[in-house]
Amino acid sequence: MSPRAATPGPEAGSGTGTGPDPGNGAGPGSDSGTLAFVESPVQLLNVLEWAHAHAHVPAPASDGRRPPGAGLTLVVLSPVDPMTRGQLRRMAELAREEGHRVRWEEARGGTLAPFRTVGGLTALLRRARRVVMGDPFSRYVQLLLTLTGARELVVVDDGTATMEFVTQLAQGERLVRWHRKGGRPGPRDLLFAPVSAVARRRLRATPARTVEIFSAMPIGEVPEGVTVTANTFTWTRARFGPPRVAKGADLVGTSLVETGVVDVEHYLDAVRALASAHGAGRYFAHRRESTEKLHRLAVETGLEIVRPDLPLELIARRGPVGRTILSFPSTVVHTLPLALAGTEVRVAVCDIDPGWLTTSASPRARTFLTGVTSTARDVHRLPGTSATAAGQAGPEGTAGPTGSSVWRRSHRRERCPDSADKSGQFTQP
């Protein structure tokens, strides 16, 4: 089975360079007081969900279209990774269609890029009455928080990291990503500590400042004065689908190997066992998974490797999608049941066995991953005590594909909509 690779190139989609995209200036009635910062496709999706839930989207005109720039101002702090950039450009197109103004910042394009970006955003930050952010762990976002006096702050989901953020904020701890927690602060951490401390104080609710957390994740201890609003993926369900449901299963990849948490050989064994036991034919790669690992998966399992050009919640909602979606502990075990509510798709999660963890994995890794799985609603839980146990829940559909396949990349596509099929994935030329 031939793997499908793809995402558009980093410059695909409309609008390039730093600053607001041409033709998308804020018009009359625009919500110019709301400024949103995103660095990943999932963050951008959740800003759209927040805007929809809070009615920060203008009503469509008689022809069904919304005037460009009539919503909030959305600032993309672009990363350098081509896969992430490609998904962000596709999501930016959807944001414009919803009436939001998109400002694309080459925030990491060279040594001077951060200075240009921060300098260009300072005036907007000073004027904003509301700031929406997707990643409070980001040094970029923390720096921008020190420059704003906004009276309303909103944190939207950046996946499962939101769970750790809320806990740390409630307990007054310094903000550290879960897979790094327990390690010693590096020189850059120490240098940035004063900025991080100011940002942490800004994220606390006060009589003069409200803080909202908009999340699909299970929230345990809520920080004092903070409002938690449930993200139910209403916009996603209204905008896409319902999907066509196919037989068999799809498998969702994870970047736990790339972040140094899970050993690659144990991961490959687990994927092989899951695919065989449940008849999985496709593997939806995480945008951060390495090409080398994906090549091995394609050759050793026969799975069709798909690099989605949109967040998986939208890909699954558009379909076609397998009757069962298999995943390791990750954001999708919380979000896919919401996005696919009302369909017959079942989401199943395979636990990470402690023996799969690397020797360098954070002491927090085991309990965090267990918490991700145990708090997931409306999912079927599979055992993960070994690679063999990963498939003990019994076959789902037909036997999985066997044999080898050749890993190939599709040619780069210059325009996403023209190259995508109905599912939003990219086919071989």
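**Rings in the core of a predicted model**

Modeller: Before we start, keep in mind that this is a predicted model. Tyr-267 counts as buried because its relative accessibility is 1%.

Biologist: OK, and which residue forms a tilted aromatic pair with Tyr-267?

Modeller: The two ring centres sit 5.2 Å apart, with 45° between the planes. Tyr-267 is in helix H8 (residues 264-278), and its partner is in the loop between strand E12 (321-327) and helix H11 (332-339), 61 residues apart. That partner is Phe-328.

Biologist: Is Phe-328 buried or exposed?

Modeller: The cut-off for buried is under 20% relative accessible area. Phe-328 has a relative accessibility of 1%, so this residue counts as buried.

Biologist: Which residue forms an edge-to-face pair with Phe-328?

Modeller: Here the centres are 6.3 Å apart and the planes make 75°. The partner lies in the loop between strand E13 (346-350) and helix H12 (365-374), 28 residues from Phe-328.

Biologist: How many residues are in the largest nonpolar core?

Modeller: Leu-44, Leu-74, Tyr-283 and Phe-328 touch the most other members there. Tyr-283, for one, has contacts that include Tyr-267, Val-271 and Leu-294. The core's residue count is 79.

Terms used:
Residues are numbered from 1 along each chain as its sequence is written. This is a predicted model: local features need pLDDT of at least 70, side-chain atom pairs count only at pLDDT 80 or more; totals for chains, interfaces and linings use all residues. Side-chain values use heavy atoms; hydrogens and water are left out. A nonpolar core is a set of buried Ala, Val, Leu, Ile, Met, Phe, Trp, Tyr and Cys residues joined through side-chain atoms within 4.5 Å. Buried means under 20% relative accessible area, exposed over 50%, partly exposed in between (1.4 Å probe, protein chains only). Contact means heavy atoms within 4.5 Å. Rings of Phe, Tyr and Trp (its six-membered ring) pair if their centres lie within 6.5 Å; planes under 30 degrees apart count as stacked, over 60 as edge-to-face and the rest as tilted. Helices (H or I, at least four residues) and strands (E, at least two) are DSSP runs, numbered from the N terminus. Lists of a residue's contacts leave out its neighbours within four places in sequence.
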